Amino acid sequence: MKIENFNSGTWESGYKYKYFVPAYINHLLEKASLKLGELNSFSRFVPDIDTFIIMHIYKEAVISSRIEGTRTNIEEALDSQEPSAPEKRDDWLEVNNYVKAMNNSIEALKTLPLSCRLIREAHKILLASGRGERKTPGLFRTSQNWIGGASISDAVFVPPAAEKIGDLMSDFEKFLNNDGLNVPHLIKIAIAHYQFETIHPFLDGNGRVGRLLITLYLVASGILEKPLLYLSAFFEKNRSLYYDKLTMTREKNDLNQWVKYFLVGIAETAEEGTATLQKIMQLKAQAEEKILGMGKRSATAHTLLLGLFKKPVASVKDIQNITGLSPKAAGDLTAIFEKAGILTEITKQQRNRVFAFKDYLDLFADKK
């Protein structure tokens, strides 16, 4: 189901009046659960699945950060060289901090519950450098913030006063980990995301942490075995609806519309995720066919290919590190990959050239 085709319900005729019948929410829950199940099942049959998760996280980092105003694209984010221009540098840092925060949090879930401690640690990494480093990384706010407007007097939304944050976040943590609630996990994380964004517990970075929490909850609850689903692209594509549904919940106590929107996002994103994994497998098979024709270089070429699935933007130095080859041999293999159509030179310069695995990057291109 596409959000633009979403039907909230229908008007039907009674005797001398009409009444509104909302769409059945259980159908949306079933569809979202089914699509998530398909994504989870398909991921089990993908060899080296962790290799391909890296790009999913980078795509999420780029889009989630872009919602907050950064302008780094995925190729720039994957470049191991930090940009020299200050504005580019801050964008690059924010995106790469997001990747670190997600990876650290996924690892932490192996020994910790999804808790305020884990959330604060993710925030600390997220704002460790760049524009947010002065916004008390890892600490809940002790002053008032607001959303939209030049000042608090004309703000679009004013979150709770700072002295209420401790109790609200303690309640939030209990809700996340309350296994006694008779609420489906997808409804629970929809409510949790709304609650977190409404509390807005940090001075900065609330949107990014709130979106990151969705994936962490799906993994922590066992709904997903691997962190393969990210909703930032869906939220960005339907940004006005995203804010409208959150506002409607706050102002009209209408949680249903938010939950419906969220479930449509889960179903659509999970379906796209499964399709992306299928395309990755096809691309991998095609690239491996090309490598088979590289003779004695085939084994090293295969090592490079797997490295490119982890880091599809690379310099000759990076390729040397992946393969363990000498500078000349790494340059020769790079040229062979160029000729085979696997790598494309993207810097258009004689020195410090950077190459991209374009066919793979294209699978993670924005679909607006």
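Predicted model: local features only at pLDDT ≥ 70, side-chain atom pairs only at ≥ 80, totals over all residues.
R250 lies over the face of F157, 4.1 Å from the ring centre; a charge counts as sitting over a ring if NZ of Lys or CZ of Arg is within 6 Å of the ring centre and within 35 degrees of the ring normal. Residues are numbered from 1 along each chain as its sequence is written, and side-chain values use heavy atoms, with hydrogens and water left out.

Next come the aromatic rings. A pair of them is described by the distance of the centres and the angle of the planes. Rings of Phe, Tyr and Trp (for Trp, the six-membered ring) pair if their centres lie within 6.5 Å, and planes under 30 degrees apart count as stacked, over 60 as edge-to-face and the rest as tilted. A search of the whole structure turns up 17 such pairs. In one of them, Y242 and W258, the centres are 5.8 Å apart and the planes stand at 65 degrees, so this pair is edge-to-face. Y242 belongs to helix α10 (residues 239-252) and W258 to helix α11 (residues 255-292), so the contact ties together parts that are 16 residues apart in sequence. Helices here are DSSP runs of H or I with at least four residues, strands are runs of E with at least two, and both are numbered from the N terminus. Both Y242 and W258 are buried, where buried means under 20% relative accessible area, exposed over 50% and partly exposed in between (1.4 Å probe, protein chains only). Ring pairs also link Y242 and W258 into a cluster with F234, F235, Y243, Y261 and F262.

Then there are the salt bridges (a side-chain nitrogen of Lys or Arg within 4 Å of a carboxyl oxygen of Asp or Glu). The count comes to 18. E236 and R66 form one of them, with the closest N and O atoms 2.8 Å apart. This pair links distant parts of the chain, with E236 in helix α9 (residues 232-237) and R66 in helix α2 (residues 49-67), 170 residues apart. Both E236 and R66 are buried. E94 forms a salt bridge with R208 at 3.7 Å between the closest N and O atoms, and this one joins helix α4 (residues 86-108) to helix α8 (residues 206-220), across 114 residues. E94 is buried at 7% relative accessible area, and R208 is buried at 5%. Salt bridges that share partners also join K35, E38 and E271 into one network. Within it, E38 and K35 meet at 3.6 Å, N to O, and both lie in helix α1 (residues 25-44), 3 residues apart, about one turn of the helix. E38 is partly exposed at 36%, whereas K35 is buried at 14%.

Finally, the strands. An open sheet of 3 strands runs in the order β3-β5-β4 with antiparallel pairing; two strands pair if DSSP finds at least two bridges between them. β3 (313-315) and β4 (344-345) stand at the edges with a single partner strand each, so one side of each has no neighbour in the sheet. β4 is joined to β5 (residues 354-356) by 2 bridges, and E345 stands opposite F355 in β5.
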